[in-house]
Amino acid sequence: MKAVIIISGIIQIIICSIAFFFKEKRHFLICNCTYNLILVLQYLIQGYFTELTLIFIDISRAILFYMFEVKNKKPNVYIIVVIEILYLIVGIITFENWFSIFVIISSMLGTFAQWQSNMFVLRVSYIICSVLLILNYIFTGLYATIIAEAISLMSALISIIKYSIIDKKIDKSKSLQENS
């Protein structure tokens, strides 16, 4: 079973490496959903049911937000409220140990991030989510997933630098050249 966790962790590393470099949110959501499907397997093997239950909600949330994204619509604020309440209720009902709180908070923040249209906000939010999840994975012993989440964190940081700093400087210099 450890081999399955390690192999699935390697697949997660690949997914994390590319997820934040997409400019369109729907591509990110596909990566997020795939990553979480792999996490289901890992949580099943380890027997962490709070996290497993929350991951199923994460997958449903990503699919729902993907459907809105494809239609070029933003989900109603009531949808985010319902999802957040669902996380709280399920998190309380299935609460197993003190470090389960990291997954609950990360899932709630991830909902807010995916609800946003702004990829910068999504990337920054997922940096915080990654830190919370790394803490959880340390305590649950999902070491390959720690590496995947650390790469996710670094990818989010690099994509923020690329899209929010470097690309904006390039765009500014191009517009200055065109105006001169």
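Visitor: Why is Ser155 called buried?
Guide: Ser155 has a relative accessible area of 6%. Buried means under 20%, exposed means over 50%, and partly exposed lies in between, with a 1.4 Å probe and protein chains only. The value of 6% therefore puts Ser155 among the buried residues. This is a predicted model, in which local features need pLDDT of at least 70 and side-chain atom pairs count only at pLDDT 80 or more, while totals for chains, interfaces and linings use all residues. Residues are numbered from 1 along each chain as its sequence is written, and side-chain values use heavy atoms, with hydrogens and water left out.

Visitor: Which residues is Ser155 in contact with, leaving aside its neighbours within four places in sequence?
Guide: Ser155 contacts Cys16, Ser17, Phe20 and Phe21, where contact means heavy atoms within 4.5 Å. Ser155 itself belongs to helix H7.

Visitor: What makes Ser152 buried?
Guide: The relative accessible area of Ser152 is 5%, so Ser152 counts as buried. Ser152 also lies in helix H7, and beyond four places in sequence its contacts are Cys16, Phe20 and Ser130.

Visitor: Why does Leu133 count as buried?
Guide: Leu133 has a relative accessible area of 13%, so it is classed as buried. Leu133 sits in helix H6 and touches Val103, Ser106 and Glu149, residues up to four places away not being counted. From Leu133 to Ala150 the C-alpha distance is 9.4 Å, and the two are 17 residues apart in sequence.

Visitor: What makes a set of residues a nonpolar core, and which residues have the most contacts inside the largest one?
Guide: A nonpolar core is a set of buried Ala, Val, Leu, Ile, Met, Phe, Trp, Tyr and Cys residues joined through side-chain atoms within 4.5 Å. The largest has 49 residues, and Phe28, Tyr43 and Tyr137 have the most contacts inside it. The elements giving two or more residues to this core are H1, H2 (25-46), H3 (49-70), H4 (77-93), H5 (100-115), H6 (119-140) and H7 (143-179). With residues up to four places away left out, Phe28 touches Ala19, Phe20, Phe22, Gln114, Met119, Leu122 and Tyr126.

Visitor: How many helices and strands does the chain have?
Guide: There are 7 helices and 0 strands, both being DSSP runs numbered from the N terminus: helices are H or I with at least four residues, strands are E with at least two.

Visitor: Why is the chain called as compact as a globular protein of that length?
Guide: The radius of gyration is taken over C-alpha atoms, and the globule rule is 2.2 Å times the number of residues to the power 0.38. For 180 residues the rule gives 16 Å, and the chain has 17 Å, close to that, so it is as compact as a globular protein of that length. Along the principal axes, the C-alpha trace spans about 65 × 40 × 25 Å.

Visitor: What share of the residues counts as buried?
Guide: Of the 180 residues, 47% do. Among contacts with a separation of 6 or more, 72% come from residues 24 or more positions apart.
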